[in-house]
Amino acid sequence: MDCGYTGKIDMEHKENILRAIGLHVMTKRMHMLQQLREGLDIYGFSQVMQAKKSAAVCLSPETTSRYVDSHYITSHLAPEMSERGCNKYHKETQILEHFQDLLHELEDATSEDITTVPSVMQWITGHAHRHLLSDCQNFKITVKFDHDCHKMPNHTICYPTVSACTDTIKFPVAHMSDYGSFKNVMTTAIKYGAGFDRA
């Protein structure tokens with residue numbers, strides 16, 4: 001009804017409903033786009049875009065991927081590191097390198113595996129897309145390291161934990177000493193820990 005359709009709502013009238021929604025959306029957007037064009041014309045920018053189309057292509061929303069890549073995630077990491085030079089710092093640096101390697105490997109993978117770079121972002125933050133430009137500057141993924149899991153007796157594995165509300169990931173250092181174990185632990189955690197539970 002907000003879109004101006006007042007007829008019956010059933011499958012027979014599906015086309016009329018979709019047409020009303022489409023028209024409503026277009027009429028709202030056309031006015032905003034017209035205002036944008038008028039604003040660009042004030043500074044002559046629309047003429048520059050017409051003259052240099054190849055340079056203006058990068059400004060087009062269609063050419064800018066909304067999905068995250070490995071660079072997007074790694075460039076927003078904010079690790080809480082131990083004191084430089086100590087053994088803990090060396091292990092933490094190794095974990096970060098493993099994480100970056102995993103993201104690059106997932107990005108280059110061609111298989112139909114469910115673990116992808118966007119799924120890693122979804123797991124950590126709760127969404128799999130890039131932030132708006134205005135939010136992007138303040139966005140960071142806090143990285144913490146758990147060096148104390150060895151205090152829990154009789155356990156063989158710990159998984160990283162995430163907090164989508166605070167965009168935080170915590171790595172269990174003792175169980176991620178080499179890249180193979182890191183990849184195994186991470187892919188298992190992402191695959192089975194994608195929900196808001198710790199089953």
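Helix H6 (residues 117-125) is mostly covered, with seven of its nine residues buried. Helices here are DSSP runs of H or I with at least four residues, strands are E runs of at least two, and both are numbered from the N terminus. Buried means under 20% relative accessible area, exposed over 50%, and partly exposed in between (1.4 Å probe, protein chains only). The model is predicted: local features need pLDDT of at least 70, side-chain atom pairs count only at pLDDT 80 or more, and totals for chains, interfaces and linings use all residues. Residues are numbered from 1 along each chain as its sequence is written, and side-chain values use heavy atoms, without hydrogens and water.

The buried residues of H6 are Val117, Ser119, Val120, Met121, Trp123, Ile124 and Thr125. They pack against helices H4 (70-74), H5 (87-108) and H8 (179-192), and against strands E2 (141-146), E3 (161-163) and E4 (168-172). Just after H6, Gly126 takes a positive phi of about 95°.

The largest nonpolar core has 29 residues. Such a core is a set of buried Ala, Val, Leu, Ile, Met, Phe, Trp, Tyr and Cys residues joined through side-chain atoms within 4.5 Å. Ile73, Phe99, Phe171 and Met186 have the most contacts inside this core. H4, H5, H6, E2, E4 and H8 each supply at least two of its residues. H5 gives the most, with six.

Phe99 is in contact (heavy atoms within 4.5 Å) with Ile73, Leu77, Val120, Ile124, Phe171, Phe182 and Met186, leaving aside its neighbours within four places in sequence.

Phe45 lies in helix H2 (residues 45-51). Phe45 counts as partly exposed because its relative accessibility is 35%.
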